[in-house]
Amino acid sequence: MTQKKFSISIVTPAYNRGRLLKKCYDSLLRQTDRNFEWIIVDDGSKDDTDAVVRGFEPSDFPVVYVKKENGGKHTALNASHPYIRGKYVLILDSDDYLTDTAVEQVRQGWQKWEDIGEVGMLTFLRGKSVSDPLCTGPVAGTPVDIMRYKRNMIHSSDCCEVIRTELFKKYPFPVYPGERFMGEGVLWNRVALSHKCVYINDVIYICEYLEGGLTNSGRAMRIRNPRGGMLSAEISMDRKNYWHRRIKNGLLFTCYGFFACMTPGEMLAQTRHKGMAVLCMVPGYVLHRYWKKKHTK
């Protein structure tokens, strides 16, 4: 039997967030457009997440529940790949929720661009409320090079990206032994090397950052997971990026390399941007020493 296809696959990684999923679910129940599925990937929770999901009342959109061993949010996103039946993917964190018209706005947004292959994703806004966006897009309604048109920050650079499913699956997050965190920027910046983005300045995603959540874990978490930080910096050193951002990421690449206990030679073997890495090796070591003192005990 042919499985039903959807316009949007909403993917929610969850770890010990059973008490919060009802708010996500209620926001989906209020959607004005029901052409979507909800995929919850339980990243080895030890709370009542599975019972909470089983308690959701049947609705006219499917709820797919996947449980896996704990490995971090990026591995939970990878685990969603076989279950996705939508044309586009929206990542919805377990402590956040969508506005009532979010799916409708996403579908309307993609109607204009779905046949324009160079557009890999649409970027909507996150906000504390519909009237309080956390960022704004610099060039709304026009395809732009993602690396060259970063957000004009108001409070943060967090946005709500909606990506073509084939690209989401094309760029799974690498998994490094012992590391449980990798920022979503690794995905967005890999797409940025070959595709463009359209910014749409509408808030469709409401954030409620929690104590202990990934957003609040900050630099210390990235230091504990340095190989992921190196990969993110390596991608952002690409020549598509501005010089000052390339230099910044050269510093990050070498800094995280030292946190990964790599030698300069090993770092150079890991990068396509050897000149930039050599330029940043000494200041990257100095930054490593500073962060080690400030963020580790």
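Q: Where is Asn16 found in this predicted model?
A: Look in the loop between β1 (6–14) and α1 (21–29): that's where Asn16 is found. Just keep in mind that the model is predicted.

Q: What makes Asn16 count as partly exposed?
A: Its relative accessibility is 23%. Buried would need a value under 20% and exposed one over 50%, with partly exposed in between, so at 23% Asn16 counts as partly exposed.

Q: What is the phi of Asn16?
A: The phi is near 55°, a positive value in a residue other than glycine.

Q: What makes strand β12 mostly covered?
A: Of the 11 residues in β12 (residues 196–206), 8 are buried. For each of those, that means under 20% relative accessible area.

Q: How do you know that β5, β6 and β9 pair with β12?
A: Count the bridges; pairing takes at least two. Strand β5 (residues 97–98) has 2 bridges to β12 and runs antiparallel to it, with Leu98 partnered by Tyr205. Strand β6 (residues 119–129) has 7 and runs parallel to β12; here Gly127 has Ile206 as its bridge partner. Strand β9 (residues 143–145) is joined to β12 by 3 bridges, again in an antiparallel arrangement, and Pro143 is bridged to Val198.

Q: Why are α8 and α9 called roughly antiparallel?
A: The axes of α8 (residues 226–236) and α9 cross at roughly 160° and come within 8 Å. Angles over 145 degrees count as roughly antiparallel, so that is what this pair gets called. The crossing of α8 and α9 is left-handed.

Q: Which residues make the contact of α8 with α9?
A: From α8 you have Pro226, Gly229, Met230, Ser232, Ala233, Glu234 and Ser236, and they meet Arg245, Arg246, Asn249, Leu252, Phe253, Tyr256, Gly257 and Phe259 of α9. Sorted by class, the contact has 7 nonpolar, 5 polar and 3 charged residues.

Q: What makes α9 and α11 oblique to each other?
A: Helix α9 (residues 243–259) and helix α11 (residues 274–295) pack at about 60°, with axes 7 Å apart. Roughly parallel would need an angle under 35 degrees, and roughly perpendicular starts at 65, so α9 and α11 end up oblique. Their crossing is right-handed.

Q: Which residues make the contact between α9 and α11?
A: On the α9 side they include Trp243, Ile247, Leu251, Phe253 and Phe258, while the α11 residues include Met276, Cys280, Tyr285, Leu287 and Trp291. By class, the contact of α9 with α11 divides into 17 nonpolar, 4 polar and 2 charged residues.

Note on methods: Residues are numbered from 1 along each chain as its sequence is written. This is a predicted model: local features need pLDDT of at least 70, side-chain atom pairs count only at pLDDT 80 or more; totals for chains, interfaces and linings use all residues. Side-chain values use heavy atoms; hydrogens and water are left out. Axes are lines fitted to C-alpha atoms, for helices over the stretch in contact, and angles run from 0 to 180 degrees between N-to-C directions. Helices (H or I, at least four residues) and strands (E, at least two) are DSSP runs, numbered from the N terminus. Angles under 35 degrees count as roughly parallel, over 145 as roughly antiparallel, 65 to 115 as roughly perpendicular and the rest as oblique. A crossing is left-handed if the near helix is turned anticlockwise from the far one by less than a right angle, and right-handed if clockwise. Contact means heavy atoms within 4.5 Å. Ala, Val, Leu, Ile, Met, Phe, Trp, Tyr, Cys and Pro count as nonpolar, Asp, Glu, Lys and Arg as charged, and the others, Gly among them, as polar. Buried means under 20% relative accessible area, exposed over 50%, partly exposed in between (1.4 Å probe, protein chains only).
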